[in-house]
Amino acid sequence: MDLDTISTFLAVGALMILALLVVLGAIALAAPRSTTASRWWESVVASAGPQALHLGWAVALVATLGSLYYSEVANFEPCTLCWYQRIAMYPWAIVLGVMAWGRERRAARYVLPVVAIGFAISTYHYLLQRYPALLPEAACSATVPCSAAWVWKFDLVSIPFMAGVSFAAIAAAVLVHRAWLERVEPSPHDTREVDHA
């Protein structure tokens, strides 16, 4: 496959995941106020919760491999902000896999802070690509400017856009996993009655 095909595939995947995240977020936000949304949310948690860390790991792995493809095969030199995003993403390609197969109960505690930082950096980076005037002159290298977009699909999707969607998807997976754990194995400090059916 050539660079354009791979970039299109990854861009379409990012847009599909973003659409899924928007729907999931809308259901989660409406669940406390709507019986229908609450049932849908419970269904999502019950069906996706047991495998949510595996899904988060798959997203981290694809994001890591895609990033390596762009730098090592397509020879796109990463800018400073790209390196920061890699620092926030690469460990999860291994650690989330270990957490998923080890049935880690406290994944959210470890994953969410780093993923939130990565999401913030990728959002800032994407805004710099859309609006280069935001970039302070000394912020990035002149040879590899942070405002340059190596990939620009559908007049919307760039590499930081894909990274941001990946960070959001990992966060969503970890949160769904945590909600599932709370449903099947409540905290010892939780005094509510739990339906184990």
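Biologist: Why does Asn75 count as exposed?

Modeller: In this predicted model, the relative accessibility of Asn75 is 58%. The cut-off for exposed is over 50%, so Asn75 counts as exposed. Asn75 is found in the loop between H3 and H4.

Biologist: What is the phi of Asn75?

Modeller: About 60°, a positive value, although Asn75 is not a glycine. Asp155 also has a positive phi, near 55°, and is a residue other than glycine.

Biologist: Where is Asp155 found, and why does Asp155 count as exposed?

Modeller: Asp155 is in the loop between H6 and H7. Its relative accessibility is 56%, and exposed means over 50%, so Asp155 counts as exposed.

Biologist: Why is Arg106 called partly exposed?

Modeller: The relative accessible area of Arg106 is 43%. Arg106 is found in the loop between helix H5 (92–101) and helix H6 (107–130).

Biologist: What makes H7 largely enclosed by the rest of the structure?

Modeller: The count of buried residues: 19 of the 26 residues of H7 are buried, so the helix is largely enclosed. From first C-alpha to last, H7 reaches 38 Å, close to the 38 Å expected at 1.5 Å a residue.

Biologist: What makes Tyr69 and Tyr70 an edge-to-face pair?

Modeller: Their ring centres are 5.8 Å apart, and the limit for a pair is within 6.5 Å. The planes stand at 65°, and over 60 degrees counts as edge-to-face, so the pair takes that name. Both tyrosines, Tyr69 and Tyr70, are buried. Ring pairs join Tyr69, Tyr70, Phe76 and Trp150 in a cluster.

Biologist: How do you know that Arg86 lies over the face of Trp83?

Modeller: Arg86 is at 5.0 Å from the ring centre of Trp83, and the distance limit is within 6 Å. The rule also asks for a position within 35 degrees of the ring normal; Arg86 is listed as lying over the face.

Biologist: Which elements give two or more residues to the lining of the largest pocket, and how do its residues divide?

Modeller: The largest pocket has a volume of about 610 Å³ and is lined by 37 residues, with Ala63, Ser67, Ile159, Met162 and Ala163 nearest its centre. The elements are helix H1 (3–30), helix H3 (52–73), helix H4 (80–89), H6 and helix H7 (159–184). H3 gives the most, with 8 residues. The lining divides into 26 nonpolar, 9 polar and 2 charged residues.

How values were computed. Residues are numbered from 1 along each chain as its sequence is written. This is a predicted model: local features need pLDDT of at least 70, side-chain atom pairs count only at pLDDT 80 or more; totals for chains, interfaces and linings use all residues. Side-chain values use heavy atoms; hydrogens and water are left out. Helices (H or I, at least four residues) and strands (E, at least two) are DSSP runs, numbered from the N terminus. Buried means under 20% relative accessible area, exposed over 50%, partly exposed in between (1.4 Å probe, protein chains only). On a 1 Å grid over the protein atoms alone, a cavity is a set of points where a 1.4 Å probe fits but cannot get out, and a pocket is an open set with protein on both sides within 12 Å along at least five of seven lines; lining residues have an atom within 4 Å of a point. Grid points are joined across faces, edges and corners, and a volume is the space filled by probe spheres set on the points. Ala, Val, Leu, Ile, Met, Phe, Trp, Tyr, Cys and Pro count as nonpolar, Asp, Glu, Lys and Arg as charged, and the others, Gly among them, as polar. The expected span of a helix is 1.5 Å times one less than its number of residues. Rings of Phe, Tyr and Trp (its six-membered ring) pair if their centres lie within 6.5 Å; planes under 30 degrees apart count as stacked, over 60 as edge-to-face and the rest as tilted.
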